[in-house]
There are 2 protein chains.
Amino acid sequence: MSLLVVGSVAYDSVKTPAGSRETSLGGSATYFSIAASYFSQVSLVAVIGDDFMPEHVELLESHSVDVSGLERRNGKTFRWSGVYSTEDLNQRETLDTQLNVFAEFSPELTEEQRATEYLFLANIEPRLQTQVLEQMSPRPKLVALDSMNFWIDGSRSDLDAIVAAVDLIFMDEGEARAFAGEENLAQAAKRIHAVGPKIVVIKRGEHGVLVSNSGDLFALPAFILDRVVDPTGAGDSFAGGFMGMLAATGDLSTRGIRRAAVLGSVIGSFTVQDFSADRLAALSHDEITDRFAAFEKLTTFAGLDDGGPLPRGQ
Amino acid sequence: MSLLVVGSVAYDSVKTPAGSRETSLGGSATYFSIAASYFSQVSLVAVIGDDFMPEHVELLESHSVDVSGLERRNGKTFRWSGVYSTEDLNQRETLDTQLNVFAEFSPELTEEQRATEYLFLANIEPRLQTQVLEQMSPRPKLVALDSMNFWIDGSRSDLDAIVAAVDLIFMDEGEARAFAGEENLAQAAKRIHAVGPKIVVIKRGEHGVLVSNSGDLFALPAFILDRVVDPTGAGDSFAGGFMGMLAATGDLSTRGIRRAAVLGSVIGSFTVQDFSADRLAALSHDEITDRFAAFEKLTTFAGLDDGGPLPRGQ
């Protein structure tokens with residue numbers, strides 16, 4: 001089964017405590033596509049400028065990403081630059097955003113793209129997300145959405161409309177709280193369910209992920225790394241691994257969703273180990289399975305009965 | 001086997017988004033003792049003023065806590081008041097601290113107390129923690145320490161001395177980073193190991209716990225609650241459940257340490273569901289085992305092979 005992603009392809013300039021990198025490959029759809037490519041066939045719909053380098057198209061193609069939906073326009077590719085806090089890598093400040101050709105993005109899907117069974121609407125304007133979803137026919141088996149604070153503050157009614165129409169939503173912790181108007185995460189998830197999505201996936205950065213899926217709550221810590229080089233793209237890589245696994249297996253059971261969340265976390269944990277998609281794009285099958293096993297080792301604990309019943313108790 | 005705790009018994013006044021409570025039972029050693037009492041025999045060494053209410057001594061006794069080390073002095077009991085952020089329950093501001101009789105605390109152990117096999121040095125001045133440890137004879141099977149930012153900033157050389165002398169240290173995330181001078185938690189844990197403790201337990205509040213135990217890393221998310229009433233005492237209750245389990249089973253294997261961390265989290269999760277020790281002090285054996293099972297359900301995921309091998313991979 002295959003997976004369609006609509007989002008941004010960009011050039012990023014980032015500064016982190018580990019160093020800095022100018023004009024490197026970025027964008028939500030880029031990270032997502034490469035991450036998902038380890039599990040599933042991916043079709044990418046995005047816009048690039050005439051400055052977009054052939055080697056970056058080739059990188060996507062080397063991951064068997066279908067780039068026929070990568071529209072080239074006159075002008076410059078979307079650019080973002082930001083700096084991460086030395087005290088808290090979860091905090092970053094945007095220094096500059098240049099939408100460039102992304103400002104004119106108006107995705108038109110081909111017949112084949114419209115029939116894709118799994119759809120991921122990466123972080124773009126909610127109005128465009130709706131425009132994409134309306135072109136899908138038949139309705140995909142699963143429609144997932146990513147959002148961010150900017151749209152929560154700026155286009156709330158458009159955002160509500162698309163949130164109501166999707167099956168799964170990815171939000172970071174702060175976004176979930178802001179969108180729901182509720183500090184308690186379990187309650188916030190309930191309010192988001194009430195708007196529409198059956199599956200709510202709350203990304204907590206270095207604190208892991210919380211999945212609320214029709215009454216099934218799943219909490220997973222983040223993988224523990226000795227060194228984080230650049231957090232950019234971690235959330236999009238997480239979503240890519242998650243959705244790639246779902247598209248590949250078709251397993252939407254609670255077990256399947258939990259496993260997808262672990263694989264998303266595995267993939268995202270590689271992304272942050274280097275700048276841009278350098279580490280993400282160079283993964284082997286063995287590295288992925290080894291880190292999945294390491295995740296199990298990191299989080300597993302023996303049941304209460306394995307050590308006998310509770311020693312006392314009143 | 002039994003467990004000795006030396007720390008504070010206090011009256012707290014707190015304000016949280018859920019409400020407020022004046023002059024209620026608090027203190028690190030109070031929460032610790034009640035939490036540990038569900039698993040182990042506990043002896044408490046602390047100081048109280050002449051305002052300390054008989055009903056609070058009776059509450060401890062009803063949990064079979066040995067209160068013979070509860071020294072009563074002329075003056076008022078230690079008092080603390082604080083307010084929790086409505087945006088982030090992990091953040092609190094201290095409004096007032098009155099040491100009162102706690103300022104004169106100089107713990108002297110009885111012959112029986114000196115021979116206790118498990119020792120918990122709750123958050124008191126590092127110099128006093130050392131004074132207690134020096135009285136122990138023979139050396140306990142396990143000595144654990146809790147600390148806080150105040151001492152990291154104020155009495156660093158005294159703190160270093162006691163950290164070097166213990167087997168296990170509990171620190172919150174910010175304390176671990178400040179003590180180690182290192183933002184990355186895995187690296188911070190390594191630096192703390194290098195000072196002395198074989199087991200480093202990093203408390204992450206609503207984000208769970210990270211245990212670093214001689215090369216074994218264990219990450220556990222916090223239990224997800226629909227409502228948190230008052231976070232006060234969560235960390236001390238966690239430590240109480242953790243140490244109570246170790247003292248009861250004597251199981252210091254990596255499995256045993258992991259299970260203790262889960263039980264600590266279980267106990268701490270009850271504490272925050274009401275003000276003071278109201279919920280903590282009213283637990284049944286079934287409630288503890290049920291929540292342990294709920295913790296397993298919240299965190300368990302199926303192995304990769306349960307769904308067949310990875311669908312693709314390059």
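In which hand, left or right, does α1(A) pass α9(A)? Keep that one in mind, everyone, and we will come back to the helices in a few minutes.

First, some ground rules. This is a predicted model, in which local features need pLDDT of at least 70, side-chain atom pairs count only at pLDDT 80 or more, and totals for chains, interfaces and linings use all residues. Residues are numbered from 1 along each chain as its sequence is written, while chains are lettered from A and ligands numbered from 1 in the order in which they are written.

Let's start with the sheets of chain A. When I say helix or strand, I mean DSSP runs numbered from the N terminus, with at least four residues of H or I for a helix and at least two of E for a strand. Two strands pair if DSSP finds at least two bridges between them.

One open sheet has nine strands, in the order β5-β4-β1-β8-β9-β10-β11-β12-β13 of chain A, and its pairing is mixed. At the edges sit β5 (66-72) and β13 (216-220) of chain A, each pairing on one side only. From one strand to the next, the twist averages 15 degrees. For angles like these, axes are lines fitted to C-alpha atoms, for helices over the stretch in contact, and the angles run from 0 to 180 degrees between N-to-C directions.

Now zoom in on one pair. Strand β10 (residues 168-172) and strand β11 (residues 199-203) of chain A run in the parallel sense over five bridges. Which residue is the bridge partner of Met171(A) in β11(A)? That is Ile202(A).

There is also an open sheet of four strands in chain A, ordered β3-β2-β6-β7, with mixed pairing. Its edge strands are β3 (19-26) and β7 (92-98) of chain A. Direction ignored, neighbouring strands in this sheet are turned by 15 degrees against each other on average. Strand β2 (residues 10-16) of chain A pairs with β3(A) in the antiparallel sense over six bridges, and Ala10(A) stands opposite Gly26(A) of β3(A).

On to the helices. Here, two residues are in contact if their C-beta atoms, placed from the backbone, lie within 7 Å. Helix α9 (residues 234-249) of chain A lies across β1, β8, β9, β10 and β11 of chain A, at about 170 degrees to β8(A).

So, back to my opening question. The crossing of α1(A) and α9(A) is right-handed. The rule is that a crossing is left-handed if the near helix is turned anticlockwise from the far one by less than a right angle, and right-handed if clockwise. The axes of α1(A) and α9(A) come within 7 Å and cross at roughly 40 degrees. That makes α1(A) oblique to α9(A). To place that word: angles under 35 degrees count as roughly parallel, over 145 as roughly antiparallel, 65 to 115 as roughly perpendicular, and the rest as oblique.

Who makes the contact? On the α1(A) side we find, among them, Tyr31(A), Phe32(A) and Ile34(A), and α9(A) brings residues including Asp236(A) and Met243(A). By class, this contact has seven nonpolar, seven polar and one charged residues. In this scheme Ala, Val, Leu, Ile, Met, Phe, Trp, Tyr, Cys and Pro count as nonpolar, Asp, Glu, Lys and Arg as charged, and the others, Gly among them, as polar.

Next, α9(A) packs against helix α10 (residues 254-271) of chain A at about 140 degrees, with the axes 7 Å apart. These two are therefore oblique as well, and their crossing is right-handed.

Then α10(A) meets helix α11 (residues 285-299) of chain A, with axes within 10 Å and a crossing of roughly 115 degrees. That makes α10(A) roughly perpendicular to α11(A). This crossing is also right-handed. Among the residues touching here are Val262(A) and Leu263(A) of α10(A), and Phe292(A) and Phe295(A) of α11(A).

Finally, the two chains. How many residues does each chain bring to the contact? Chain B gives 47 and chain A gives 47. On the side of chain B, α11(B) gives the most, with seven residues. That side divides into 23 nonpolar, 14 polar and 10 charged residues.

A rotation of 180 degrees with 0.0 Å of shift along its axis superposes chain B on chain A, RMSD 0.0 Å.

How values were computed:
Copies are superposed by least squares on the C-alpha atoms of residues with pLDDT of at least 70 in both.
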